[in-house]
Amino acid sequence: LCRNVLIYFPEHQIRATIADIGNRMAPKGTLVLSPQDCWCADASTFETIFHPGVVLLQKRQPASTTAV
């Protein structure tokens, strides 16, 4: 849960912080943000799920690399 914290950071630091958290999260892990904080999430890393008053960023599963 990371609500009303990122609003105090400059844009580049918000992007870096969300990317760093995403790198540490397990696949399908969920980061809960306020709607004001979600605008800078990388769409290739997270699926954005909107709920009233919160935004969930769920880490995407890595692409399957099945050998043929």
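In which sense do β1 and β3 pair, and over how many bridges? Please take in the residues around these strands as well.

Reply: Happy to! Please keep in mind that this is a predicted model. β1 and β3 pair in the antiparallel sense, over four bridges. Within this pairing, Leu-33 stands opposite Val-55 in β3.

To place these strands, start with the whole chain. The protein has one helix and three strands, and from the N terminus they run in the order α-β-β-β. Of its 68 residues, 31% count as buried. Among contacts between residues at least 6 apart in sequence, 55% join residues at least 24 apart. The accessible surface comes to about 4,700 Å², and carbon and sulfur atoms hold 57% of that.

Now to β1 itself, residues 30–33. One face of this strand is covered and carries Leu-31 and Leu-33, while Thr-30 and Val-32 lie on the uncovered face. So Leu-33, the residue opposite Val-55, belongs to the covered face, because the two faces of β1 are told apart by burial.

Lys-59 is buried yet has no salt bridge. Its nearest side chain of opposite charge is that of Asp-20, 10 Å away, whereas a salt bridge would need the charged atoms within 4 Å. Leaving out residues up to four places away in sequence, Lys-59 touches Gly-22, Asn-23, Met-25, Ala-26, Pro-27, Lys-28, Gly-29, Thr-45 and Phe-46.

Lys-28 is found in the loop between α1 (11–24) and β1 (30–33). Although Lys-28 is not a glycine, its phi is positive, at about 75°. Lys-28 is partly exposed, with a relative accessible area of 44%, whereas Lys-59, which it touches, is buried.

How values were computed. Residues are numbered from 1 along each chain as its sequence is written. This is a predicted model: local features need pLDDT of at least 70, side-chain atom pairs count only at pLDDT 80 or more; totals for chains, interfaces and linings use all residues. Side-chain values use heavy atoms; hydrogens and water are left out. Buried means under 20% relative accessible area, exposed over 50%, partly exposed in between (1.4 Å probe, protein chains only). Contact means heavy atoms within 4.5 Å. Accessible areas come from the Shrake-Rupley method with a 1.4 Å probe; for residues, only the protein chains shown count as cover. Two strands pair if DSSP finds at least two bridges between them. Lys and Arg count as positive and Asp and Glu as negative; His and the chain ends are not counted.
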